[in-house]
Amino acid sequence: MDNSPRKVLRTVFGYDDFLENQREIIEAVLKGNDVFALMPTGGGKSLCYQIPAMLAPGVAIVVSPLIALMEDQVKGLRQYGVRAAYLNSSLSFHEAQDVQRRAAEGGLGILYVAPERLLTDSFRHFLGNIRPRLFAIDEAHCVSQWGHDFRPEYLRITEVTRMFPDIPRMALTATADAITRQDILEKLDLRRAEVFISSLDRPNIRYRVQPKQGEKRQLLRFIKDEHPQGSGIVYVRTRKRSESMAAWLAENGIAALPYHAGLPADERVDSQRRFQEEDTLVVVATNAFGMGIDKPDVRFVAHLDLPANMEAYYQETGRAGRDGRPADAWMLYSFGDVGALLQLFALSEGGDGIKRIRRKKLDALLGYCESAACRRKLLLNYFDESHDGRCGNCDNCLNPPEVWDGTVAAQKALSCVYRTGQRFGVRHLIDVLTGKATEKIEKWGHDRIKTFGVGKDLDASTWQSVYRQLLSAGLLAVEPGRFSSVRLTDESWLVLKGEQTVFFRKDLSQPKTAKGRRPSKPADLGPETEESRALFETLRNLRLEIAQRLKVPSYVIFHDKSLKEMALARPATASDFSCITGVGATKTRRYSAVFLACIRGEEIVLSQYPEIGEITVEDGS
Ligand code: ADP
Ligand code: ZN
């Protein structure tokens, strides 16, 4: 058997190097220590318990709250030749017995269970017989009321782990602020654990925020130009928008499905499944979509409406690019969005303290949208992590926005609010500033006030931007209960009196498109060519065919990253093939022949490659 973590990493999983903290965590567990690990999504938490589990006899018990994911995890592990199984309510009595029998006979290395199952008497009895090797508690933030997915059963996990005081325990999570972290350590009996905290940064995600200027057109162009072949999630605020946007994308030739809590349960399950398994599907969803999505090759997350706060934004965008390949977090926002959030805030209940926290969270989000600084720095700083502010992979770093002295424009905009009585919406105010002859203006006599037509020097979309930025900066407020009207704040007067200058960032009216994109290829394999792109597509088709035959999601066979590398490197022998990222010994045995033939340009008949079918035979449990 392989005897070092690194060797397992290479021969089984086909990766060259550990990601941040993986090696340290694995070593700590192998020494018999308890571990707490906070790693960002895609940071490679699974390997931290899988590798120790493979390096010693006995069964590692993985406690996971998401029954839906266990099956995928186990399928994925079996593809690597790892003896894994799960126990949950989806199995029949006999299937469950069979799994337990295999575990008892030493035929199992990793067993996934839901917490409810862990707590049953029969499972405790079973554990007594097999003597587990390790307890790994995934999504450990579920133990804390402070986290966002509290699961009461998690509180009782220690009833079971205390029966095995010598067996190391691991707790893993991707989201936990300081309070939640402390809570996890206490509630899971991990006070003496070694603690590993990885950077939350997701360097492969490119953050961009743009003003909304025709959202449908912008979205379509973004998807068509940048992700014509990729799967993605589009977040919107309401169920209705989820449906209308999905329908509209579909009309425009993009495979898209709606997803929200109002859809029938079976339809939701089905959409989630399809998203997980298909390569090029877009889901237009409310924030109900996400929990349980661990698809590694989501290429973009687009927000058409502002998320609830920065935490939500980070979690939602974090679903992109778990495979480490370039991915996009792309967001549009408008005056209406900002107003809607301020409105919600103004109407929210709660004491002063709570309101202050909410206001702070809201300001952070609005500031994030309007800022001219590095988005990554803003995000990480929000989560108490420092950053030098030159990430080179956000819109502000790539195309530093110009700023302009907007003091005079701000004075005009504010005085227009004042002179019209602080009860009109921005659209009307802009009509007044630009001197339009509308019915409403005539009705209210606004063509006779001093600010009528004083803003002809700027166009309407610039005025939109001015109002939006004034609102974000607190130089303007929305009227509680009256959605679209705005009024002045104390600070507005400082600007009106000329005591405060104002700078605005210029809106990038032409969003950057495909031309400026980074090449998404492995560093030293040379640039992509027409040929390599075509081969990549062919390899994807082959992968899909195999995935359908084995009834597993495509990425379980190979990630896009591996296929890209194959298309560029064109391995000719099985040993070349095994050098591709993500290709370990088992995958080489199963897939090298068929993929090499495909790379040589041969016509593939899957039935001639019986070795790829192995998995279905032993897939009984
Ligand atoms: P998490 O659960 O932390 O979100 P996963 O364990 O699902 O992350 O891993 C994310 C992705 O990174 C997976 O596709 C996994 O195969 C890959 N991965 C894990 N470890 C490594 C590594 N050392 N090198 C390259 N890729 C890795
Ligand atoms: Zn940046």
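I will begin with ligand 1, where an oxygen atom of the ligand lies 2.8 Å from an N or O atom in the side chain of K45. Please keep in mind throughout that this is a predicted model, and that the distances and angles I quote are computed from it.

Staying with ligand 1, R322 places a polar side-chain atom 2.7 Å from an oxygen atom of the ligand, while in the side chain of Q22 an N or O atom is found 3.0 Å from a nitrogen atom of ligand 1. How much of the accessible area of ligand 1 does the protein cover? Taken on its own, ligand 1 has 560 Å² of accessible area, and the protein covers 83% of that.

As for the surroundings, ligand 1 has 16 residues around it, and the closest are Y15, G42, S46, R322 and H559. Helix α3, which runs over residues 45-54, contributes the most to the shell, with 3 residues.

Let me turn now to ligand 2, the zinc ion, which is coordinated through the SG atoms of C374, C391, C394 and C397 at 2.3 to 2.4 Å. Along the sequence, these donor residues follow the spacing C-x16-C-x2-C-x2-C. Why is the arrangement around this zinc ion called tetrahedral? The 4 donor atoms subtend angles of 102 to 119 degrees at the zinc ion, and the arrangement is therefore tetrahedral. For reference, the ideal angle for four tetrahedral donors at a metal is 109.5 degrees.

R131, which sits in the loop between α7 (121-130) and β5 (134-137), has a phi near 50 degrees, a positive value in a residue other than glycine. Is R131 buried or exposed? With a relative accessibility of 57%, R131 counts as exposed.

The second residue is Q422, in the loop between α18 (407-419) and α19 (426-433), and here phi is positive as well, at about 55 degrees, although Q422 is not a glycine. The relative accessibility of Q422 is 25%, so this residue counts as partly exposed.

Terms used:
Residues numbered from 1 in each chain as written. Chains lettered and ligands numbered in written order. Predicted model: local features only at pLDDT ≥ 70, side-chain atom pairs only at ≥ 80, totals over all residues. Heavy atoms only, no water. Donors = N, O, S within 2.8 Å, 3.2 Å for Na, K, Ca; no water. Tetrahedral: all angles 85-135°; square planar, octahedral: opposite > 155°, others 65-115°. Near = heavy atom within 4 Å. Polar contact = N/O pair within 3.5 Å; in protein donor to acceptor, adjacent residues only side chain to side chain. Areas by Shrake-Rupley, 256 points an atom, 1.4 Å probe, with all protein chains shown as cover. Helix = DSSP H or I, 4+ residues; strand = E, 2+ residues; numbered from the N terminus. Buried < 20%, exposed > 50% of the residue type's maximum accessible area, 1.4 Å probe, protein only.
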